[in-house]
Amino acid sequence: MAKITVNEHTFEVPDDKRLVLAIEDNGIQILHRCGGYARCTTCRVKFVEGEPELMTRAEKTRLQQDPANLFGKIRLSCQILCDHDMTVEPVMTLQNTDVSDPGKRPEDQVTPTPEYVSRYG
Ligand code: FES
C-alpha cells in the first residue's frame, strides 16, 4: 500500500492502482477526457513529493510533443501506478473547468500497454 496525499488529504492505495483512479476514487473529480490513454493531458498533476523516476514512453512522448511544452512541468496521472508514497496536486477538475463530465473511466491497468523509460534525457 502507498500513501497518496492530494490537497492535504492522505489515503492508502494498493500498489497496482492507477494514480488517476486513486485520486478520483477518493472524491476528487480529476479530468481524464481521453479515458487514460496519454492523449488528452487533462489528468495532469503537479508533484510535490515522490515524482516517479520512470515514465511510460506514451507519457514522455505526449509531454515532449505538447505545444505548451509540458515536459518537466506536470505528469499524467493515468500513466502512473501508486507503487510508492506521493504528494500531488491535480490541475484540471470538474470544479475548475467548464466541461460537463470528467471523461470515460480509465481501465484498471495502464493503457496503452506501458513501456517504461527514464524521465531524464
Ligand atoms: S492523458 Fe488523457 S486521461 Fe491521462
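Visitor: What is the secondary structure of the chain?

Guide: The model is a predicted one. Its chain holds 2 helices and 7 strands, and the pattern along the sequence is β-β-α-β-β-α-β-β-β. The radius of gyration is 13 Å, close to the 14 Å given by the globule rule for 121 residues, so the chain is as compact as a globular protein of that length. Along the principal axes, the C-alpha trace spans about 35 × 35 × 25 Å.

Visitor: What share of the contacts in the chain with a separation of 6 or more comes from residues 24 or more positions apart?

Guide: Contacts are counted when C-beta atoms lie within 7 Å. Of those with a separation of 6 or more, 73% join residues 24 or more positions apart.

Visitor: Which order do the strands of the open sheet have?

Guide: The 5 strands of this open sheet are ordered 2-1-6-3-5, and the pairing is mixed. Strand 2 and strand 5 (75-76) are at the edges with a single partner strand each, so one side of each has no neighbour in the sheet.

Visitor: In which sense, parallel or antiparallel, do strand 1 and strand 6 pair?

Guide: Strand 1 and strand 6 are parallel, with 3 bridges; I4 has M86 of strand 6 as its bridge partner. Strand 3 (residues 44-49) pairs with strand 6 in the antiparallel sense over 4 bridges, and there K46 is partnered by E89.

Visitor: How many residues lie between strand 1 and strand 2 in their hairpin?

Guide: There are 2 residues between these strands, and N7 in the turn has a positive phi of about 50°. The two strands pair in the antiparallel sense over 5 bridges, with K3 opposite E12 of strand 2.

Visitor: Which residues is I4 in contact with, leaving aside its neighbours within four places in sequence?

Guide: The contacts of I4 beyond those neighbours are T10, F11, V13, A22, C82 and M86. Among them, A22 and C82 are also core residues that touch the most other members, and M86 is the bridge partner of I4 in strand 6.

Methods:
Residues numbered from 1 in each chain as written. Predicted model: local features only at pLDDT ≥ 70, side-chain atom pairs only at ≥ 80, totals over all residues. Core = buried A, V, L, I, M, F, W, Y, C linked by C-beta atoms within 7 Å. Buried ≥ 20, exposed ≤ 12 C-beta atoms within 10 Å, placed from the backbone. Contact = placed C-beta atoms within 7 Å. Pairing = 2+ DSSP bridges. Rg over C-alpha atoms; globule rule 2.2 N^0.38 Å.
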